[in-house]
Amino acid sequence: MATCRQIESLTQGYIDGEVSDSERLILEEHVSGCRVCDRVLKRHKQSTALLYETFEAYRLIQDLSAPVMAHLPEMDRAPLTARTVREVNWRAKHETVGMSRLLRLLPALAPVLIVGLALAIFYSWPQNGHAPTESIGMVMFCQGEVSRSSEAGLDPQGVDLSSPVAAGDRFETGNEAAMMLSLAGPTAIKVAANTRVKIHNERRISVERGRAWLHVGKDVRLFRVNTAMGDAVVFGTTFDVRVEQGMTVVTVADGCVQVETDVAFRELNAGEQATLRIGKRPLDVLAVDALAELAWAEAIVPDGNAQLAFADTVAPKSPAPMAAEQFFVVQTNGRAVQSLTFEWKPAGDVANTGGYYVYVYDDQMSQLFSDHVRAEVFQIPDRRSVDVVVPGDPLRDVRVLHIKVVPDGDAGESETVFTKVSAWGIYP
Amino acid sequence: MQLKDGDVVCRCLQGDAEAFRTLVQRYQAAVYATAFYYVGRYGASEDVAQEAFWAAYRSLPHLREPDRFGAWLREITCRTAANWLRRQGRRLASETPLPHRRTVSIEDARQGPRGRAQGRERFERVQQAIDSLPERYRLPVVLRYLQELSYEEISRFTGESRDEIRGILHRAGRQLRDLLADIDQSEGEIQWPRADR
């Protein structure tokens, strides 16, 4: 049994609701049978009630956060101690909870931290890769009237099964003709009738007219299909590109394809079809039966002997493929953003670096803007960063920027590894 | 899940000014009550509380242990209040410190002048009783009875352990009970609502 003295020591906690369940039960049990303690408890309750009642009128009613935040001063510029910096950095990596909404812009030019490197697959480009050989692919299927013209400007020639494909080759199919090419990568391209495609290199082709089905192997580097109306950019997927009068229709059967025109870009997933037109934004996207749309290509199957020849001659020559998309998430928390700064690690072989496309999306992965950074920027030996200016008005009311950086694939083979992306703004 | 103070502080240090709003919301009751304890009689509690938050934000890079933000903020609040009193010293000397600034509520109006006078008198008695407590007890008492902070919240702000706070409030409660015993109170069970926070 608890003594009266022990019970008395619990009274304030009991009244304040700050005792454990067992303490509460012990007290109530004791008080029910002890008149002295019962009276003490009553008096204690009365004085406590008096205190609450007396102070009640002075309680803070308004929320101070609005006036405080409205006139927030500038933070001292005192350098942080090394320990604090370590702690700040550590916490930035180990934090788990989402952000609150933000309304104000920080003191000018305060960099926004990189919250996560969601996807960054870096492999170094081959140091001793094969010089562009004559053969980057092979003709795997050929039916009907198919002709080839090469960069050298020779007259169009007939096309033989299992004949090699060189960079710069242009293939054209006639009525009721069909063709299939395999490119190092591997990438399979099935070409419909009345189609003209140009092979720029093993990662870039143009569909100048007609229709092509592509299966881009999962581990290849970025693959780009140019058309007059816009491009389709992929890592690994199955899709179809159809060029018609004034528009290009891209249908995705598997994986994800980024389509882009002069003014718009967007990612398409399996079962989606986008129509690309010059100057049209947003892109028209439909849900379609992709398998039915791409059924035409099923009739085109590679020749068995050509497959063996391809595996022997072209495929082994292709160095281990590399993905090069880099993805960053920058929290801006609604502050106006005027530019982005990309920093990178010095590359070993700056003279051989290529340019990069930058795609910026909001947190819903809707398009904000895109830009291209030329290869020359990365080729300046001591350069470590580049600014990409937001076109037009600053970005506002966007909490998170998703930034995708992909090599343009047109120049240089040495990859630039981006280490940090920051968003910059000014006072609104 | 609630972010730890230290994490929020680090966000602020990384340039996320808006994160400070979380800290203001978390500590405004405590900071206001502390300000009230020092300058309440001059009606300056809210102003001093705001000033304290601004001072804290400015000095955030000097905070050594981000997880002890609460206790650090209490020191800043006390300093801000002391500075305010020093600044206002001459002017205040020529002013009557009472009555406290407060909104006249509908209930006050119903009470009439006599009721209000009684309320003022009672406030004075309570204030005197608190002032007679050992200094270490006073702030926890104000935090508890003015803003109804939990022992845990009080402990985070004063830097003392929850058990220490429980002991302090118990001893203070006993002394106040004796000091205020003669104030007329209606008999029976008394209900009081917890403030909405």
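**Notes on the model**

1. Start with helix H7 of chain B, residues 151-158. Seven of its eight residues are buried, so H7(B) is largely enclosed by the rest of the structure. The buried ones are B:Tyr151, B:Glu153, B:Ile154, B:Ser155, B:Arg156, B:Phe157 and B:Thr158. Just after H7(B) comes B:Gly159, with a positive phi of about 85°. Keep in mind throughout that this is a predicted model.

2. Now the rest of chain B. It has eight helices and zero strands. Read from the N terminus, the elements run α-α-α-α-α-α-α-α. Chain B has 197 residues, and buried residues make up 45% of them. Take the contacts in chain B with a separation of 6 or more: 68% of these are between residues 24 or more positions apart.

3. How do helices H6 and H8 of chain B cross? The axes of H6(B), residues 135-147, and H8(B), residues 162-179, come within 9 Å and cross at roughly 90°. The two helices are therefore roughly perpendicular to each other. On the H6(B) side, the contact uses B:Arg136, B:Tyr137, B:Pro140, B:Val141 and B:Arg144. These meet B:Ile165, B:Ile168, B:Leu169, B:Arg171 and B:Ala172 in H8(B). By class, the contact has seven nonpolar, three charged and no polar residues.

4. For contacts in chain A with a separation of 6 or more, residues 24 or more positions apart account for 61%.

5. Which strands of chain A make up the sheet with S20? Three strands form an open sheet in the order S23-S20-S25, and the pairing is antiparallel. Strands S23 (385-389) and S25 (418-424) stand at the edges, each with a single partner strand, so one side of each is left without a neighbour in the sheet. The twist averages 20° from one strand to the next.

6. Look at one pairing in that sheet. Strand S20 of chain A, residues 339-344, is joined to S25(A) by six bridges, and the two run antiparallel. For a landmark, find A:Phe342: it stands opposite A:Val421 in S25(A).

7. Helix H4 of chain A covers residues 35-56, which is 22 residues. From its first C-alpha to its last it reaches 31 Å, close to the 32 Å expected at 1.5 Å a residue. Several residues in H4(A) are buried, including A:Cys37, A:Leu41, A:His44 and A:Lys45. Further along H4(A), the buried residues include A:Leu50, A:Leu51, A:Thr54 and A:Phe55.

8. Two loop residues of chain A deserve a look at the backbone. Most residues other than glycine have a negative phi. A:Glu176 is not a glycine, yet its phi is positive, at about 55°. A:Glu176 lies in the loop between strands S6 (170-173) and S7 (178-183) of chain A. Is A:Glu176 buried or exposed? A:Glu176 is exposed, with 10 other C-beta atoms within 10 Å.

9. A:Asn194 is found in the loop between strands S8 (187-191) and S9 (196-201) of chain A. With 14 C-beta neighbours inside 10 Å, A:Asn194 counts as partly exposed.

Technical notes:
Residues numbered from 1 in each chain as written. Chains lettered and ligands numbered in written order. Predicted model: local features only at pLDDT ≥ 70, side-chain atom pairs only at ≥ 80, totals over all residues. Pairing = 2+ DSSP bridges. Helix = DSSP H or I, 4+ residues; strand = E, 2+ residues; numbered from the N terminus. Axes fitted to C-alpha atoms, helices over the stretch in contact; angles between N-to-C directions. Buried ≥ 20, exposed ≤ 12 C-beta atoms within 10 Å, placed from the backbone. Contact = placed C-beta atoms within 7 Å. Parallel < 35°, antiparallel > 145°, perpendicular 65-115°, else oblique. Nonpolar A, V, L, I, M, F, W, Y, C, P; charged D, E, K, R; others polar. Expected span 1.5 Å × (residues − 1).
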